[in-house]
Amino acid sequence: MSEQEEDLDAQEVPDAAEGSAEAYPTINIPGTSEEVAKSDQTEDNESELEPFDGGHGSHAEEQSDHGSENIESNKEEQVMEEVMPPTQVSDSSIHESHYPAQSDDATTESPKQNSSDYLELLNKIKAVKKSLRTSLIDSLATVKVVLLPVGQEIIMPFNIDITLKYFRDHFSHLLSVPSDILQLRCAGRFLRNSETLLQHGVKPQDIVQVEIFSALPDQYPIRRLNILSDSNQVIRVRVQTGVNQYQQVAVEMIKSDFHKPFLGGFRHKITGIEYHNAGTQTVPKKYVKKDNLFSRDTQTVFQRKKLQQTTNTTSTQMTKIGVYVSNMTDKLITPGKYFSAVEYHAQKLAAVIVLQTYYRRWHAKIVVENIRKQKELRMQWEEEAKLKKIAEKEEWKKLDYYRRHNPQTKDDFELLYDALEFWRQEQLERIIECYTGPKRKAALCELLEKETQIIASIGRHRYVSNMNNQEAVIEAFLSKCSAPKMWKKFDGKIIEMDTQFTIRARELQSIYKSILLKNISQDERLDILLTLKHTVKEHECKLTREILELIDREVDLMMRRVKDDNLEGLRKRIATLFLHYIKTPLFNPEVARHLKVPPDPLKFFKKIYFCHSCQLYLPSTEFVVSSTTNYLNRCRKCINLDNETRKRESFLKYKCLLQRLYYLEADYEDDSMIAFLMQVEDIQYLTENIWAAQSALSAWNDLNDLVMVRWDKSVEWSPWNCILLTKEEGAAHLRLTSVEEGYVPLFIHKIKHKHILAKNYFSQIPVLSAFILDDVEIAEIRKKHEPETSPKIIESRKPSF
C-alpha cells in the first residue's frame, strides 16, 4: 500500500486512458512527503498549533518495514515511467528524489534480470495501476466553492487525501491574493494547510461546501472569477446499476441562460421515487432579430418536434380453472330506451332556449341597472347644477346688496341711481292710479321731496367714497414711484435695484406718511415738522416758501397750546402742498415717469378737444369713443351726469356680458380682433335691439345668465357671427359639429336675418366696413332692394339774348 500511496501522491490527474483529465479538472498538485512535512512544521511554528504526523512519518515506517522490497518497487517505478505519459513522468520524478541510491541500483541491476522476473514485474505493474485508478476515483469528492462576499459558486472535484495547501494555493493564484490571506471555512470550522477533507469527515463521492474569504478585505478583496463564468464544469456521479454494482459517470454541467421546461413525469407507487420526463439537453439555437432586412428569401424558421409516449401495459383477469375472481363489486348494466337523433337535437334545442332565456334575463337586468345608474347620475348632476345655479344667484344678490349699501366705485353708484329710478317709477304709477286732483299733486310733491333726500344721501356717500379712493390713489402713486427697478434673469430669479431717484422718492413718501399721522405727542409732531423743514429748504421757490411759512405758523400755534382740532385745516394744507412738492419732477425726478400730464404743454396741442356740454377743453382720454362715434361731443362727466339726472341706467350687466365675451374669445387663441373692438354701448345695442335682451332659444331675459357665443365656431366672433344664449345653451351649442345638424332651417333663417341687421348697423365702423364689404350675401341683398339710379347730367344752357 505504501507504493500505491506514493504513486497516488505523485499523480496530478487520472490516467490518460480513462480520459478524465480532459473531461474534468482535478486539483491534485504533486508534492513530496518531505515538502508536506516542512510546510506543516512552518505552519505549526507560526500558528503555534499541534503538529500533524501524517506525511513523512508514515513513509519512513513503510520504508523500514519493506526494505526487502525496495529493489522490486524501484523496478516497478522504472517501468511505470515508460508506460505513463511525459507529464506524469515529470511529476513522478519528484518522488524518485527520495530514493536516489535505490534508483541507481535498480538501473544497474535491471539488465541482469531474466525474462520470468520481467513478466512478473509487468503483472505487478498492471495490478498497481488498476488499484491506483480505483483508489483515485474512490477518493474524489465534489467541492462546492463559495467566494465571499461576491457569492460566486464554483463546483469542482478534489481528492480528500491531499492536504488543503494545494487547494489554497490554486485559488490564491486565481484570485491574485496571497495564500496566507485566504481563509477556508467548512461547516463553520476553519481549515488549515496541513489538514485534509478526510479529517473533517468528508467521504468519497460526497458533496461538501467550502467558503473562501479574505482576512484583509480592504487590502485584498475577493472578486468574481470571469475566467470560470463561461467554462463548463464536470463532476463524477456514482450511479447504482445493479445489486451491489456501481458505476462512475462523468456529468458535464453546462451553464445555460434559458429555463428548461417541465415536461411532466410519474411517481413510483411503491418506492415513491419521482421520475421526470427528460428532453434534449442541447442548448437551443438563438436567432438574432434583424431590423430592416431586405431579402427575397423567406424569413421562416423550420422547427421539428417529436413526441414520445411511454407504454403502459394493462390487463384483465377473468375467472377460469384455477383462478377465482370475486364478482361482489360487479354491476349489472341493462340497456335503456333508444334515444334517436331527432330527440337528441330537440332536447339540445330546448336546453339552448333555456340558456338563452336566462342569459337574456341576466343581460336585460344589467342593461336596466346601467340605465338606472345613468338616470341617478343624471338626476344628481341636474340637482347639483340647480343648487350651483341657486348658489350663484344668492352670491350675486349678496354682492348686489353689499354694493348698494357700501358703494365704492362708479358702477356701484350707477346701481343706486338705477334702483332709485325703478322705485320712482313704481311710486309714480301708484300715485297716478290711486290719486287725482290736489291729492295727486301733494303725493307728487312728497315723492319729489323723498327723491331729493335720497339723491343728497347718495351724494354724501359719493363724497366719502371719493375721499377714500383719493387717499388710496395717492398711496398707490407714491408706492409706484418708490418701487425699485425689477427685471427677471434667464434662470427666472427677480433682480431688484434701487437708484438715487427711487431712494429719494422713498424718503419723500415716508415723510408724507408721517405728516398724515394723528394722535401723536407734541414733541413727535415737532420732530416731523423739523424733518420736513430741512427737506424742503433744499430748494428755493414759491412752493417751498409757502410750505416753510405754514410750518412756522403751526409751530407757533402749537407753542400757544392751540387744540389739535383747530389745527386740522392747517395740517391738511401742509400735506397738500407737500404732495405738490412730491409731484414736481424738479424735486422728485422719479415722479416724471408716472405723471399722466407731461411737463411740456405743447404735447397736448393735438389731443385737446372741446366739450359742448361743460364748455371745457379736455384731453382725448376724458371722452367716450364707441364703435359708431363720428365726432366727440360730450365728455365722460357730462354723459354720466346726464344719465344720473334723466335715464339713470346701469351698464354693469352689459359690462359683465362684454367681459365674458372677452374671456371666451381669449380661449380660442385664433387672433380674433373684432370682439376686442366692441365697447359697452355696442354690446348694449346688440343685446337690446338685435337680440331683444333674451336668449334666442329659451327667451330667458336675465342678462346675468346670458352669454354671447359664436354662431359658427370655425369663424372668428363678430356681430354678424354670434348668438345670445344662456350659459348652458352656449356650452351645448359649442359642442355641435355643424349648425345645420343641430337646428331646423326656420331657426337658422331667423338667426341669419338678425346677422344681416347687425351688419347694416355696424357697417358704419371704419374698421369693420372692410369685412362687411367683402360679403357676397350682403351685396346681393343690397342689389336686390336698392334700385339702380344713374346720375343726372345737367347741361348748362347759354342765356339767349
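Start by selecting Met 708 and show whatever touches it, skipping the neighbours within four places in sequence. In this predicted model, Met 708 is in contact with Leu 657, Leu 661 and Leu 664, then with Leu 686, Thr 687 and Trp 691, and finally with Trp 717, Cys 722, Ile 723 and Leu 724.

Now widen the selection to the core around it. Met 708 belongs to the largest nonpolar core, which has 34 residues. Leu 686, Trp 691, Trp 711, Trp 717 and Ile 723 join Met 708 as the residues with the most contacts inside this core. Colour by element next: helices H18 (652-668), H19 (674-677), H20 (680-690) and H23 (745-762) each give two or more residues, and so do strands E14 (706-710) and E15 (722-726). Which helix gives the largest share? Pick H23, with six residues.

Next, jump to Met 558, Phe 578, Ile 582 and Phe 587. These are among the 31 residues of a second, separate core.

Last stop: the largest pocket, with a volume of about 1600 Å³. Select Glu 471, Ile 474, Tyr 512, Leu 516 and Leu 579 to find its middle; of the 42 lining residues, these are the closest to the centre. Then bring up the helices around it. H12 (438-482), H13 (500-515), H14 (522-536) and H16 (568-582) each supply at least two residues of the lining, with the largest share, eleven residues, coming from H12. Finish by colouring the lining by residue type: you'll get 18 nonpolar, nine polar and 15 charged residues.

Terms used: Residues are numbered from 1 along each chain as its sequence is written. This is a predicted model: local features need pLDDT of at least 70, side-chain atom pairs count only at pLDDT 80 or more; totals for chains, interfaces and linings use all residues. Side-chain values use heavy atoms; hydrogens and water are left out. On a 1 Å grid over the protein atoms alone, a cavity is a set of points where a 1.4 Å probe fits but cannot get out, and a pocket is an open set with protein on both sides within 12 Å along at least five of seven lines; lining residues have an atom within 4 Å of a point. Grid points are joined across faces, edges and corners, and a volume is the space filled by probe spheres set on the points. Helices (H or I, at least four residues) and strands (E, at least two) are DSSP runs, numbered from the N terminus. Ala, Val, Leu, Ile, Met, Phe, Trp, Tyr, Cys and Pro count as nonpolar, Asp, Glu, Lys and Arg as charged, and the others, Gly among them, as polar. A nonpolar core is a set of buried Ala, Val, Leu, Ile, Met, Phe, Trp, Tyr and Cys residues joined through side-chain atoms within 4.5 Å. Buried means under 20% relative accessible area, exposed over 50%, partly exposed in between (1.4 Å probe, protein chains only). Contact means heavy atoms within 4.5 Å.
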